[in-house]
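These exercises concern aromatic rings and the charges placed over them. Work through each task before reading its solution.

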Amino acid sequence: MSDTPQDNAAARESVSVAITGSGGAGVITAGEMLLAAAAHAGWHGIQTRSVGPQIRGGEAVSMVRLATFPVEAHDDAFHLLVAVDWRNFDRFAAEVLLAQGGLVIMDKAAGDVPPPLKERAGKILSLPLSKAAKEAGSRVNMVALGCIAALLGIPESSLEHAARRRFAAKGEKLVEASLAGLRAGRDLTMQEDLADHIANLRLDRPEKPDKPRWIVSGNQMAGLGAVHAGVRFVAAYPITPASDLLEWMTPVLSAEGGMLVQAEDELASINMIIGSSFGGVPSMTATSGPGLALMMEGLGLAVSAEIPVVVVNVQRGGPSTGIPTKSEQTDLNIALCGMHGEAPHLVLAPLSAADCLFTTAWAVELAEALQAPAIVLSDQKIAQMKAISDPLPLPAVKVARKVSEACAPHAYKRYALTEDGVSPMALPGTPGCMYTADGLEHGENAVPSSRAEDHAAMLEKRARKLRNHDYGPAWAEVNGEGEIAVICWGSTAGPVHEAARVLAREGISIRTVSMRLLSPLPIEALEETLAGVKTLIVAENSHSGQFLHYLRAWCDLPQEVISLKHAGPRPITAPEVRRAVIDAIGGGRMQESNIALKEAPVS
Amino acid sequence: MNEAMRKPNDFKSGVKPIWCPGCGDYGVLSALTKAFARLNCAPEKIAVVSGIGCAARIPAYVNAYGLHGLHGRALPAAAGLKLARPELTVIAAGGDGDIYSIGGNHFIHACRRNVDMTLIVMDNRIYGMTKGQPSPTTEPDYPTHLYPAGTHVQPLDGMSLALVAGANFVARAFTGDPNDLAEIIVEAIRHPGFSVIEVLSPCVTFRPEEREWKHQIARHALTPAGSVAEALAAVASAPELSTGIVWKGNRPPYTGPGDQAGKRVQDVLDSFVA
């Protein structure tokens with residue numbers, strides 16, 4: 001059980017490939033086509049990208065992992081790295097670790113191999129990629145993809161299928177050119193003596209799926225979940241990495257009789273959806289950290305006036321403009337505590353790209369049922385990840401807002417103090433129930449009030465409706481048994497689940513708790529789930545450990561708590577989680593103290 | 001449709017206003033209820049949306065649906081409501097600070113977006129609720145506690161801004177002339193697209209000299225112009241306290257982005273197949 005990532009036999013059921021080049025070289029396209037071809041052939045996998053902030057001409061890397069089993073996260077090293085060029089490679093070198101002994105293929109014209117790669121590589125192969133592209137009348141990214149596909153054993157029929165799907169709309173000429181490029185790449189590779197490497201890179205044959213697989217991104221699935229659940233009005237302001245979610249939604253909403261309005265800023269976005277939801281239409285916005293900060297006052301209004309809205313916040317590196325194109329799990333604090341006053345609301349987090357479908361739909365259901373705002377904490381990693389998935393069923397959510405019937409003049413109490421805290425909401429157009437929804441504190445009849453009794457009663461009502469709701473089992477994915485548990489939230493679930501799978505094969509059983517519902521915190525369910533656990537590893541993609549501090553504030557945690565955390569843009573990886581578990585066992589650190597807090601080392 | 005004509009009192013909620021005795025905003029409330037009666041709207045089909053400030057308290061005093069939201073944000077909330085529920089009559093209301101200062105960006109974009117609703121800006125040239133600070137329409141030399149020697153900053157011309165930004169109906173009225181104001185509100189509501197009415201509404205507590213406005217108003221010195229350029233020239237050359245409708249445009253109202261050549265959820269699922 002070495003801690004150093006190595007090229008080994010396990011690569012046959014999972015192989016990781018990075019394709020790098022300057023922006024515009026087409027490495028993202030190549031990675032997406034590799035994923036599509038693999039999906040067509042029956043493999044599982046994911047593709048993520050890391051790009052710089054430049055619109056054109058910056059650095060780009062496409063990271064692909066293919067496997068014979070479902071994967072939600074990257075391995076921590078790449079077995080094959082293909083460089084179309086080395087321009088600006090240093091900007092993401094830390095995100096693209098080559099496995100010890102891995103294979104590097106580069107364009108002959110690309111210049112020197114960066115020194116750290118030289119040390120780790122088992123073989124560096126310089127091939128005339130761009131020259132071959134020119135001769136084939138194609139582009140260098142297609143030649144690179146042809147090389148990769150040949151090494152991995154992707155069937156040519158699947159590669160051609162992917163090329164046709166990708167380029168058919170642009171004409172047969174482009175399809176033929178790309179196929180010529182793919183063939184040229186294959187031929188270049190086959191001329192070389194790579195038998196040793198092919199043995200390591202060639203994937204096991206997949207089991208043929210019953211139904212053709214899907215390729216989904218978290219942003220698409222969040223949009224799908226929202227529209228499926230009944231969202232018909234979206235107002236939003238463009239921001240990376242949420243914009244492609246909005247772009248996906250616009251045509252679908254228009255076909256469903258709804259609309260997406262581009263607002264002048266995020267203040268307008270949140271207030272527009274408050275207006276439309278006040279009118280009775282399930283409403284949503286999507287944004288990222290800076291936009292969420294601007295929406296905080298509006299979210300407080302939605303809490304006070306009890307108007308359901310959903311905000312999908314696709315996290316990126318912060319604070320301020322931070323690292324707009326890369327992922328981090330650091331908007332937890334603002335999502336939980338960003339509003340002034342005491343403002344109970346919902347915070348949820350999807351566990352994977354595919355899970356964005358369920359979690360966003362569930363957020364709509366909860367917001368509508370509880371007449372409260374819901375923040376969905378997605379992140380760039382899963383939002384812009386392309387993941388191969390079995391076809392996803394549309395989740396069985398029941399979206400129903402409790403509304404008021406017509407009533408006699410002056411009889412309606414918008415904020416009636418009901419037992420469950422939810423008061424029937426009169427929608428404009430309902431005779432007799434005219435009232436003014438208000439961010440001012442109010443009495444049951446919605447008339448503004450600064451009386452202490454009214455304030456206390458309304459605070460309690462707004463807390464009660466969230467506290468007493470039955471959230472069912474979806475609050476977390478809980479798996480496995482053992483005295484060691486790993487707890488995480490949102491997109492860190494992928495690496496945690498994979499680590500558990502690897503550990504199980506090594507004979508080590510752990511419990512994993514991947515939290516989907518973060519607020520209100522299901523304290524009882526969580527403590528029950530952690531019963532018998534002696535060591536708890538808290539995994540999160542944050543420098544300061546926001547999740548750990550949140551759990552500590554509210555829960556009785558096991559005797560020993562280990563914090564596995566580091567900032568983005570490097571995600572928490574499965575090998576990091578595995579090593580934290582191994583260390584916890586090896587160190588014999590089952591202490592009696594309830595205040596032991598250790599930081600797990602990270603690579 | 002033989003429903004009995006509704007009366008202004010049918011549109012009063014009975015909630016007692018927080019306004020000072022003599023406040024100009026009482027006249028706006030009175031004119032608004034008169035206008036609703038004249039239009040014979042059903043109260044449940046009206047929504048009055050506001051932000052924060054003295055003027056923004058008006059929704060609670062009207063017997064209609066109301067949304068008393070955030071300072072500066074009445075216009076986006078009103079636009080969201082109108083786009084989602086186009087059959088409603090939507091009024092946005094607020095003061096000069098609420099609409100022209102903290103909500104200034106929304107004002108510009110509401111004018112260019114041209115959603116079919118009516119904005120009433122109660123202009124008293126002061127922040128009343130926070131007790132007398134200068135607003136965007138306060139004169140540069142007007143002394144306040146915050147700036148005893150004046151702000152030395154040029155006032156914002158909301159009428160011209162509305163015209164340039166694309167509002168489809170622009171008028172100024174005076175709260176001391178409630179019948180005229182009611183008429184203008186009726187016309188503004190009937191006119192398609194985004195209508196802006198700037199109402200001169202004295203703050204008798206912090207700007208007592210504004211009581212004199214009733215003697216200084218140039219009634220109907222503004223009349224509908226033939227073009228935006230002519231309307232701008234009319235606003236610039238007319239006396240400062242002129243009232244009247246200066247612009248009735250014919251831009252089609254915005255009702256949303258319309259058909260975007262999309263597929264419904266059930267039909268879009270195929271696009272995910274690898």
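**Exercise 1.** Determine which charged residue lies over the face of B:Tyr142.

Solution. B:Arg207 lies over the face of B:Tyr142, at 3.6 Å from the ring centre. A charge counts as over a ring if NZ of Lys or CZ of Arg is within 6 Å of the ring centre and within 35 degrees of the ring normal. In chain A, A:Arg501 lies over the face of A:Phe69, with 3.7 Å to the ring centre.

The model is predicted, so local features need pLDDT of at least 70 and side-chain atom pairs count only at pLDDT 80 or more, while totals for chains, interfaces and linings use all residues. Residues are numbered from 1 along each chain as its sequence is written, chains are lettered from A and ligands numbered from 1 in the order in which they are written, and side-chain values use heavy atoms, with hydrogens and water left out.

**Exercise 2.** Find how many aromatic pairs the whole structure holds, and classify the one formed by A:Trp214 and B:Phe272.

Solution. The search finds 12 aromatic pairs over all chains, where rings of Phe, Tyr and Trp (its six-membered ring) pair if their centres lie within 6.5 Å, and planes under 30 degrees apart are stacked, over 60 edge-to-face and the rest tilted. A:Trp214 and B:Phe272, 5.3 Å centre to centre with 35 degrees between the planes, are therefore tilted.

**Exercise 3.** State whether A:Trp214 and B:Phe272 are buried or exposed.

Solution. Buried means under 20% relative accessible area, exposed over 50%, and partly exposed in between (1.4 Å probe, protein chains only). A:Trp214, at 6%, is buried, and B:Phe272, at 2%, is buried too.
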